[in-house]
Amino acid sequence: MGKNNEKENANVRHLPEHGPVDETGKEVLLSVNHVDITFGKGDNKVEAVKDASFKIYKGETFSLVGESGSGKTTIGRAVIRVNPCAAGDIEYKGVKISGKIPKSLDREVIRNIQMIFQDPAASLNERATVDYIISEGLYNFHLYKDEKDRVAKVEHMIEEVGLLPEHLTRYPHEFSGGQRQRIGVARAMVMEPELVVADEPISALDVSIRAQVLNLLKKFQREKGTSYLFIAHDLSIVRFISDHIGVIYKGVIVEVAEAEELFDYPMHPYTKSLISAIPIPDPKLEKNKQLMTYDPSVHDYSTDKPELVDIGHEHFVYGNKKEIEEYRAIREKGEKVKSITILSDEEVAARNAALEAKAAGGDVIERGEAELSSGEYIIDSPVHDTGNKLYAVLSFFLPIIGIIAAMLFKKFNYIRNYKACRSGAIAGFVFYVAIIVIFVFFLILAVI
């Protein structure tokens, strides 16, 4: 059956008018199914996204939230077919759009799925005027009746994002970062796409303009039924604009639920830590708030492997069988889960005293061998952990020094450098031992 579906998808050259309807009765616009995304090969291979699955319904906003480096943008770029999937597939209106697809289908995907990039400076052509940048999609797909209609569409859109028609003759370098981001928003929205991948579209904007851009995105959603994959690192931003929220940690989606469901019943410890980090407007309460820090070591996945499971109420949580049972029991009670704790002044004083004592004692947190074997060290590696081949070459000629260097690199979590020194030193030892064996062999022959 699976092979038949693959053959059918291979022959699909155009998108259907509507996507499939799931058991909830809603039209599924985009479906991400068990997607893995990797970069590099061999020792340099990085699993950026692991077994990611979620759905985006027609006319709704799905927000993907997590810290920097968690894989949010990687998934967004896979949706627009920039990043290839190592496993799994992505379907748009029930048609597979990941991997190799016909040119006509690829063109329709480009027309229907637009992206607002995180870095406006890198995503805008510095040699093109703002008028051409916004009009490029209109030109490519001829989405205008005549020149007058094109100009009207571009001027209307530039005003919608808070800029002026006279800005159309200027170049991107003449604008601030926030203004460039607004140009990026205008470029995507002028195409009137069905799905927009918004990669932190308001992170570069002034506070005064953020609400304006969010209102603009919601306006398109109301008037044209636009759907959004909204990528952010701050849960407070997405709470009131999202229909569903997915929380991602180091490439793994750990929780997916409706917006209010997620805030009322956060189950995964990482989700709770993100909610606890949301600022409280009252300065005294914010000062006395106890931040929850997520510690991955609380999970024991050595034998009972985790997976993303529905615990009821369309609430998916990542965990092993034991954890899922606990989450289900908590959810079935129907009591809201407390994720923010406000300490008394006495408790705050005691906490600060304990932190000062710890700092004075010079405590050093060391990473255990278990963490090194968990596969998570790549994302946590220091900036200069490059695994330069020069380390391997030097360790080959000086293997003893190479082994010492490898031990030091490992101690401070420079894992790529550690592997380079280790491989070079081992090769060096083998080479020198072989030379010694050959020398002794010929010496024995000479004596005989």
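Accessible areas in this talk come from the Shrake-Rupley method with a 1.4 Å probe. With that settled, here is the structure, which is a predicted model.

First, the overall picture. The accessible surface of the protein chain comes to about 24,500 Å², and 56% of that surface belongs to carbon and sulfur atoms. The chain has 448 residues, of which 42% are buried. If you trace the C-alpha atoms along the principal axes, the span is about 100 × 65 × 55 Å. The chain contains 19 helices and 14 strands.

How do the contacts run along the sequence? Take the contacts between residues at least 6 apart in sequence: 67% of these join residues at least 24 apart.

Next, charges. There are 55 positive and 65 negative charges in the protein chain, and their mean positions are 4 Å apart. The structure holds 14 salt bridges. I will go through some of them.

Is aspartate 22 buried or exposed? Its relative accessibility is 12%, so aspartate 22 counts as buried. Lysine 55 has 34% and therefore counts as partly exposed.

Another salt bridge pairs aspartate 264 with lysine 336, at 3.8 Å from N to O. This pair also links distant parts of the chain, 72 residues apart, with aspartate 264 in helix H10 and lysine 336 in the loop between helix H13 and strand E14. Aspartate 264 is buried because its relative accessibility is 18%, and the cut-off for buried is under 20%. Lysine 336 is exposed, at 61%.

Then there is aspartate 345 with lysine 284, a salt bridge of 3.1 Å from N to O. Aspartate 345 lies in helix H14 and lysine 284 in helix H12, so this pair ties together parts that are 61 residues apart in sequence. At 43% relative accessibility, aspartate 345 is partly exposed.

Salt bridges can also link up into a network, and here Lys58, Lys93 and Glu194 are linked in one.

Now the surface patches. Which residues form the negative surface patch? They are Glu23, Glu258, Asp310 and Glu314. To place one of these, glutamate 314 is in the loop between strand E12, residues 307-310, and strand E13, residues 316-319. Glutamate 314 counts as partly exposed, with 30% relative accessibility.

There is also a nonpolar surface patch of about 860 Å², made by Leu390, Val393, Leu394, Phe397, Leu398, Ile401, Phe431, Tyr432 and Ile435. Two elements give two or more residues to this patch, namely helix H17, residues 389-397, and helix H19, residues 415-447. The largest share is four residues, and it comes from H17. Phenylalanine 397 is in that helix. Is phenylalanine 397 buried or exposed? Phenylalanine 397 counts as exposed because its relative accessibility is 52%, and exposed means over 50%.

On to the backbone. Most residues other than glycine have a negative phi. Where is histidine 142? It lies in the loop between helix H5, residues 130-141, and helix H6, residues 147-160. Histidine 142 is exposed, with a relative accessible area of 52%.

Methionine 292 is in the loop between strand E11, residues 289-290, and strand E12. With a relative accessible area of 35%, methionine 292 is partly exposed. Which residues does methionine 292 touch, not counting those up to four places away in sequence? The answer is Lys272, Ser273, Ser276 and Ser339. Finally, methionine 292 and isoleucine 330 are 38 residues apart in sequence, and their C-alpha atoms are 19 Å apart in space.

Key. Residues are numbered from 1 along each chain as its sequence is written. This is a predicted model: local features need pLDDT of at least 70, side-chain atom pairs count only at pLDDT 80 or more; totals for chains, interfaces and linings use all residues. Side-chain values use heavy atoms; hydrogens and water are left out. Patches are made of residues with over 30% relative accessible area and no salt bridge: like charges are joined within 9 Å, nonpolar side chains (Val, Leu, Ile, Met, Phe, Trp, Tyr) within 5 Å. A salt bridge is a side-chain nitrogen of Lys or Arg within 4 Å of a carboxyl oxygen of Asp or Glu. Lys and Arg count as positive and Asp and Glu as negative; His and the chain ends are not counted. The place of a charge is taken as NZ of Lys, CZ of Arg, CG of Asp or CD of Glu. Buried means under 20% relative accessible area, exposed over 50%, partly exposed in between (1.4 Å probe, protein chains only). Contact means heavy atoms within 4.5 Å.
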